[in-house]
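This report walks through selected features of one structure, taking each region in turn. Please keep the sequence and the model in view while reading.

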Amino acid sequence: MRVLSALLGIPLIICAVWKGGLILLSFIAIVMILGLLEMLNLLKNLGLKPSKAITIVSALLLLVATYWQDWRVVGMAITLTLVAHLLYLLKDFPRYSPIDAAAGWLAVMYLGLFTYIFLISTLPEGTLWLYMLLVGTWASDTFAYFVGKTFGKHKLTPNLSPKKTWEGAMGGLLGSVVAVYIYSAFVISLPLNYVFLLGLLISITSQFGDLVESTLKRHASLKDSGNIIPGHGGMLDRFDSMLLSAPLVYYFVSLFII
């Protein structure tokens, strides 16, 4: 079932990236909302109850603001999401606490990192940079899994994710660098130092993103964030690696390449 889900899901992602524009934006919106619902469930297990309506509307508002690519509009959207939670503090006092409001705003900002996937697509040759993100992230995840399973002996974070090892983490770094190098050789030509640095950073941020989600699940005493993807768990379980690697690729390309 895990393999079947991957065989169906990967072509869908690749197609959405290839089409770009509103199709990619719609795909990101679906992933964001489903991930946000999983995040709200995690928070519920922690005894927190942010307003579902406010968090969902806020996430969509942030995504729409990103589509305009005007940082003033994005800033306004972020401000409005915060103001909405503050107003709800007044409306539903004392049941809605400041901690609930803070948790809801954190959920929106955390899932809002998915907007960087769309922002990458707007860069010159953005589709190719998005594919590099996918290649580097997937290679890091795959190599980390197989190297860790085969050679792993030293636990990386035993309290957060007992199966992760230092050997697996190093395998992820190597896999990402090799994948970015091969991709660069055939698709986008980059200086060797950029290839090495970008490969390393994609792997580091993707593994860090995975550990962040593991931390959230451990706090909530959950094994998976959801069960929407057979064999993979929830949306957060599948896309957590890109939550931090996508901003990394966007700013790396924006600041150092184009």
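How many bridges join strand 1 to strand 2, and do these strands run parallel or antiparallel? Strand 1 is joined to strand 2 (residues 161-165) by 2 bridges, and the strands run antiparallel; strands are said to pair if DSSP finds at least two bridges between them. Helices (H or I, at least four residues) and strands (E, at least two) are DSSP runs, numbered from the N terminus. The model is a predicted one, in which local features need pLDDT of at least 70 and side-chain atom pairs count only at pLDDT 80 or more, while totals for chains, interfaces and linings use all residues. Residues are numbered from 1 along each chain as its sequence is written, and side-chain values use heavy atoms, with hydrogens and water left out.

**The hairpin**

With 3 residues between them, strand 1 and strand 2 form a hairpin. Thr 157 belongs to strand 1 (residues 155-157) and stands opposite Ser 161 in strand 2. Thr 157 counts as buried because its relative accessibility is 18%, where buried means under 20% relative accessible area, exposed over 50% and partly exposed in between (1.4 Å probe, protein chains only). When neighbours within four places in sequence are left aside, Thr 157 is in contact (heavy atoms within 4.5 Å) with Pro 162, Lys 164 and Leu 211.

**Two packed helices**

Two packed helices are described by the angle between their axes and the distance between the axes. Helix 7 (residues 126-151) packs with helix 8 (residues 166-186) at an angle of about 145°, their axes being 6 Å apart; axes are lines fitted to C-alpha atoms, for helices over the stretch in contact, and angles run from 0 to 180 degrees between N-to-C directions. Among the residues that meet are Leu 128, Gly 136 and Phe 151 in helix 7, and Glu 167, Gly 175 and Tyr 183 in helix 8. By class, this contact of helix 7 with helix 8 has 12 nonpolar, 8 polar and 1 charged residues, where Ala, Val, Leu, Ile, Met, Phe, Trp, Tyr, Cys and Pro count as nonpolar, Asp, Glu, Lys and Arg as charged, and the others, Gly among them, as polar.

**Aromatic pairs**

The whole structure holds 11 aromatic pairs. Rings of Phe, Tyr and Trp (its six-membered ring) pair if their centres lie within 6.5 Å, and planes under 30 degrees apart count as stacked, over 60 as edge-to-face and the rest as tilted. Two of the pairs are set out below.

| Pair | Centre to centre | Between the planes | Arrangement |
|---|---|---|---|
| Tyr 67 and Trp 68 | 6.2 Å | 90° | edge-to-face |
| Tyr 145 and Phe 146 | 5.0 Å | 80° | edge-to-face |

Tyr 67 is partly exposed, with a relative accessible area of 37%, whereas Trp 68 counts as exposed at 57%. Phe 27, Phe 114 and Phe 239 form one aromatic cluster.

**Backbone details in the loops**

Gln 69, in the loop between helix 3 (52-68) and helix 4, has a positive phi near 55° in a residue other than glycine. Glu 125, in the loop between helix 6 (115-121) and helix 7, also is not a glycine and has a positive phi of about 55°; its relative accessibility of 53% means that Glu 125 counts as exposed. In the loop between helix 4 (71-91) and helix 5 (98-111) lies Pro 94, which a cis peptide bond with omega of about 5° joins to Phe 93.
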